[in-house]
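Please have a look at it on the screen before I go on.

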Amino acid sequence: MTTNAADQALRERAMKVVPGGMYGHEATTLLPASYPQFFERGEGAYIWDVDGNRYLDFMCAYGPNLLGYNNGQVNDVAVAQLAKGDTLTGPSAHFVDLAEALVGMVSHADWAMFCKNGTDATTMAMTTARAQTGKRRILVAEGAYHGAAPWCTPMPAGIVPEERAFISKYQYNDVASLEATVAEAGDDLAAIFASPFKHDAFIDQALPDPAYAKRARELCDETGAMLIVDDVRAGFRLIRDCSWELVGVRPDMSCWGKSFANGHPISALLGNDRCREGASHIYVTGSFWFAAVPMAAGVETLRILRESDYLENSVRLGTMWREGLDALAAKHGFALRQTGPVQMPQILFDNDPDYRTGFAWGEAMLKRGVYVHPWHNMFFCAVMTEADIQFALAAADDAFASVRAQIGSIEPHPVVLMFLTAMAGTH
């Protein structure tokens, strides 16, 4: 039986000194009540909350954990650099090493710029596109997440319309919608943003239709606009390159973060020579953007990605997980919708419009030592094993049985109901 006394005590303390107690994408407001908010440590594929409960973690810190928590090879390099210095008056040589490594791995890239968060990278891409083209209009897919800046945050509190005056939306994978939105932009189109695949929260995932991706490239070529792939979430999880290499389309810029330094705080904007001049004229910076430790960690992480079978292992285990879950769900009378790449799974239940069944299953899995998410896509890390997947499938078998036994009495999450109602009102 799990306990959560320490977690609850920290929540109570946080409520007094932090607005809402917690904020952002790691807040547990829209998760089942038993999900821990605070964690103590991570090792390999596992995390421990502040009450000492251990979980096989299918969230991987919402993506940054790619090689495994506390990876010894990456940590050794980071600690060695920390002994020399981290945030200095200028960058270390790792700044150039890392830029060269990324440009060497990503086919469309001729240059790299570094920052700290995915939002930094996407905002820098938008600014570069406007600087390069002299135009203003930015196209984004409806429901896509590109960060938490005023121009893109999904929560509109504190945002004024003027901050989104030149943002237009189209439907992902819909060529006609994309063409119509480009036509509406006229001669003021600066950029088209695209996610590597449709990985919006609360809905089924969808891989990019090659026809849509190729048409986005053509429209940018025809208008002089920049094509931007936001690879912050999926970068190096689908391919050792920009994710749209899988559909044969190369963007002008791509945005990176989360995993390429295995959790050390760094993100990047990569671009081709078509937009180098624009990138060289914008002013972007941050006090900690040029820190040496995460850059050293990034160089070592990329070396491991080039030389290991991390990707193939994740695909193999992801397939095992998906097929095993489908069989177990059917055994207990459930039907799952498992979408997205197998190494970045989204798991939703059929006939579960308010997510009450998915929430109950998530809580049941948590009690059995497996951390899954009821409405966000998940992630595999390189150190997961067949034994881990078998452990998770055994937990799933028990969890499905537990949910089936109480199916008639499960209530929906009240905060989720309010959230879904509010979201429906915006469309």
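This is a predicted model: local features need pLDDT of at least 70, side-chain atom pairs count only at pLDDT 80 or more; totals for chains, interfaces and linings use all residues.

Let me start with a question: is D350 buried, partly exposed or exposed? At 33% relative accessibility, D350 counts as partly exposed, where buried means under 20% relative accessible area, exposed means over 50%, and partly exposed lies in between, computed with a 1.4 Å probe on protein chains only.

Residues are numbered from 1 along each chain as its sequence is written, and side-chain values use heavy atoms, with hydrogens and water left out.

A search of the whole structure finds 19 salt bridges, each being a side-chain nitrogen of Lys or Arg within 4 Å of a carboxyl oxygen of Asp or Glu. D350 takes part in one of them, with R337, where the closest N and O atoms are 3.3 Å apart. R337 lies in strand β11 (residues 336-339) and D350 in the loop between β12 (346-349) and α10 (356-367), so this pair ties together parts that are 13 residues apart in sequence. Helices (H or I, at least four residues) and strands (E, at least two) are DSSP runs here, numbered from the N terminus. R337, at 28% relative accessibility, counts as partly exposed.

Now consider R217 and D252, whose salt bridge has its closest N and O atoms 2.9 Å apart. Because R217 sits in helix α6 and D252 in the loop between β8 (226-230) and β9 (253-256), the pair ties together parts that are 35 residues apart in sequence. Both R217 and D252 are buried.

The side chains of R11 and D7 also meet in a salt bridge, at 2.7 Å from N to O. These two residues are 4 apart in helix α1 (residues 5-17), and are therefore separated by about one helical turn. R11 is partly exposed, with a relative accessible area of 22%, whereas D7, at 2%, counts as buried.

Four strands form an open sheet with mixed pairing, in the order β1-β2-β3-β13, where two strands pair if DSSP finds at least two bridges between them. The edge strands, β1 (39-43) and β13 (370-371), each pair on one side only. β1 and β2 (residues 46-49) run antiparallel and are joined by 4 bridges, and F39 stands opposite D49 in β2.
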